[in-house]
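Please look over the structure shown below together with its sequence. The report that follows takes up a surface patch, a nonpolar core and several individual residues.

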Amino acid sequence: MGGDDESEGFSILEGLSALEDEEAQEERDAVDDDLGVELTGWPEGGSVVDRVRSEAEKIRLEHSEALQQGRRKGHETVLLHASMQFLFPSYLRNPDGRFNGTYVDLTFGRGGHSREILRRLSPHGRLVAFDVDHTAQVHGLALAAQDPRFTFVMRPFAEVAEVMRGTVVHGVMLDIGVSNPQLDDYSRGFSMNHLGRRTLPFDLRMNPRGGVSASEWLAGVTVEDEGLAWVFREYAGTRVNDNPDDGNLVAERMAQAIIDEQEANGPYKTINRFAEVVGKLILVARGDLKDTEGFEHTARGKEHPAKMWVAAIRTFLNDEAMQLEAVLPAAMESLAVGGRCLIAVFKPGEAEAVRQFALAHAEPPPSEAARLTGRRLRELYPLAGTSADFSCQLVVRGLRPSGQEVTVNNRARSGALWVLEKAARTLPRVKARPRPAKSRFKMPPRPLLGDGLPDRPDLQLF
C-alpha cells in the first residue's frame, strides 16, 4: 500500500533509469539481506553452497522483475525490503534459504507483500491474505489459482483471530492506509489530484459494495446529534489536547459551515464541491483568500486545504481507527510465541495506536515487578490487570523509508514500520484496582516567579 499521500503523475521508469550504479548495487545488497542467505563459513565448492547461491540468484531475479512490473503499473509497496527482513528473521531460515510456516497478509491490495512472502516460503509454507476491496479480490483469486500455498479471504482484517483459529501463525503483515490502486482509481474519490480538471464522485469506501458513500452519509448527518463535529475532532487532527471533552472550535465551526451549505444548496454529490466549500473556509480563515470567487483547486491532492477533512470522513466511513484497534490484539492472539506482527503506518494517529498497544502489553523487568505493589504494578503495566496469555515486545519503532525508496515512490515518504513480537506472559494477574487518573496526575503548586526579587515601592511608569 502507498498511504494517503498523492503525487503528480510521473514516469517511475524514468526515475529508475536515472539511478546511479551505486544505488542499484545497494538495492541488490538489500535483497541479499532480505533473503537472509549467509554464505560465510561454508566450505567453498560444496553442493549446498552452489544450490543456495543458485536459489538466491533465482529469487533475486524474480524479485527484481516483480518490482519492475509494479513500478510500470504504478503500484509501489512501501518498506518492502525492511518488512521482509523483519518478518523472516535469519534464525528461522532453512538451509536452502527458504522458510516454513504459515503467514498472514492482512491487507492484500495488489499483492505486493504477498508475492514477496511467497517467494521466501518453502513448498511447505502457507500464506493467507485478507481484503474487503472487490478489485483486490480479483487479483487475490488469480494468485490463488497460480500458487496452491496461497489462500485469499474476503473478510475485514480485524477478523483474523476468528478466521485463523486453530492454525499456528508465524508472521502477520499489516499495511494501513489507502493503496496506490485505490488512489489511482479516480471513481473511488480517494484522490484529490487535479480536481479542477475532472469531476469525481464523493464515495470514499474501501468496499464500494458495502456501507454508504460519503455523499449519502453527509446527507443524513447533523453537526451535533449525528456527530460530524465529533468526526472532525477525532480524525481531522484538530483536537487541542487529549481531553475527550475538549470542545474544539475549529471542528465545530467547520461542521456547522458544511451542514449549512448542504441545507442551502443540496447534498454533496461530488468531492469537487465538498473540497471547494472546505477549501474556501480554510483559506479565508488563514487570510490567504479574500475573494471566494477566486478559489482554485490545487493540482496536487496532498497540498489541497481540504485534504485532512476528506481523510477524516474516509477514516470514519471505513471504521479505520476501530479496525486498527481491534486487529492488533486479534493478530497477536493468532501468532505463535516468537511470531512477529509488522505494521506499516502512514499517519501519526496510527503510529500512536501501535505504540499504546505495545505499552499496554509490555511486561516489566522481573526486578521491577518484584518491588512494586500490586496496585502500582497494574497502573504502570496494564497487562497485569488482564487475562491475556501473551506479552508484547517492540522490536522496531517507526522505521522510515530510505531516501532511495522515497525517490522512486514519493507516496512512501510518510510511511513508518513498526514490528511487534509475541512473547509468553510471565506476569501474574493483579486484582487490585488502579487509582483513577485524577488521583495519579495532579498539578503541582505553581512556581512563585516573584520569589527572591527585591521589594519595590509603588511603581510610577510615567
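## A charged surface patch

In this predicted model, Glu226 sits in the loop that runs between helix 9 (214–219) and helix 10 (228–235). With a relative accessible area of 47%, Glu226 is partly exposed, and together with Glu224, Asp225 and Glu252 it belongs to a patch of negative charge on the surface.

## The largest nonpolar core

The largest nonpolar core comprises 41 residues, among which Leu106, Val327 and Ile343 have the most contacts inside it. At least two residues of this core come from each of several elements, including strand 2 (126–130), helix 7 (160–163), strand 4 (169–175), helix 14 (320–334), strand 5 (335–345) and helix 15 (348–360). Strand 6 (390–399) and strand 7 (416–424) likewise each supply at least two residues, while helix 14 gives the most, with six residues.

Leu204, although not a glycine, has a positive phi of about 75°, and its place is in the loop between helix 8 (180–184) and helix 9. Leu204 counts as buried, because its relative accessibility is 1% and the cut-off for buried residues is under 20%.

Asp319, also a residue other than glycine, has a positive phi near 55° and is found in the loop between helix 13 and helix 14. At 35% relative accessibility, Asp319 counts as partly exposed.

Met308 belongs to helix 13 (residues 307–317) and is partly exposed, with a relative accessible area of 40%. Although Met308 and Ala236 are 72 residues apart in sequence, their C-alpha atoms are 5.4 Å apart in space.

How values were computed:
Residues numbered from 1 in each chain as written. Predicted model: local features only at pLDDT ≥ 70, side-chain atom pairs only at ≥ 80, totals over all residues. Heavy atoms only, no water. Patch = residues over 30% accessible without salt bridge, like charges linked within 9 Å, V, L, I, M, F, W, Y side chains within 5 Å. Areas by Shrake-Rupley, 256 points an atom, 1.4 Å probe, with all protein chains shown as cover. Salt bridge = Lys/Arg side-chain N within 4 Å of Asp/Glu carboxyl O. Lys, Arg positive; Asp, Glu negative; His and termini not counted. Charge placed at Lys NZ, Arg CZ, Asp CG, Glu CD. Helix = DSSP H or I, 4+ residues; strand = E, 2+ residues; numbered from the N terminus. Buried < 20%, exposed > 50% of the residue type's maximum accessible area, 1.4 Å probe, protein only. Core = buried A, V, L, I, M, F, W, Y, C linked by side-chain atoms within 4.5 Å.
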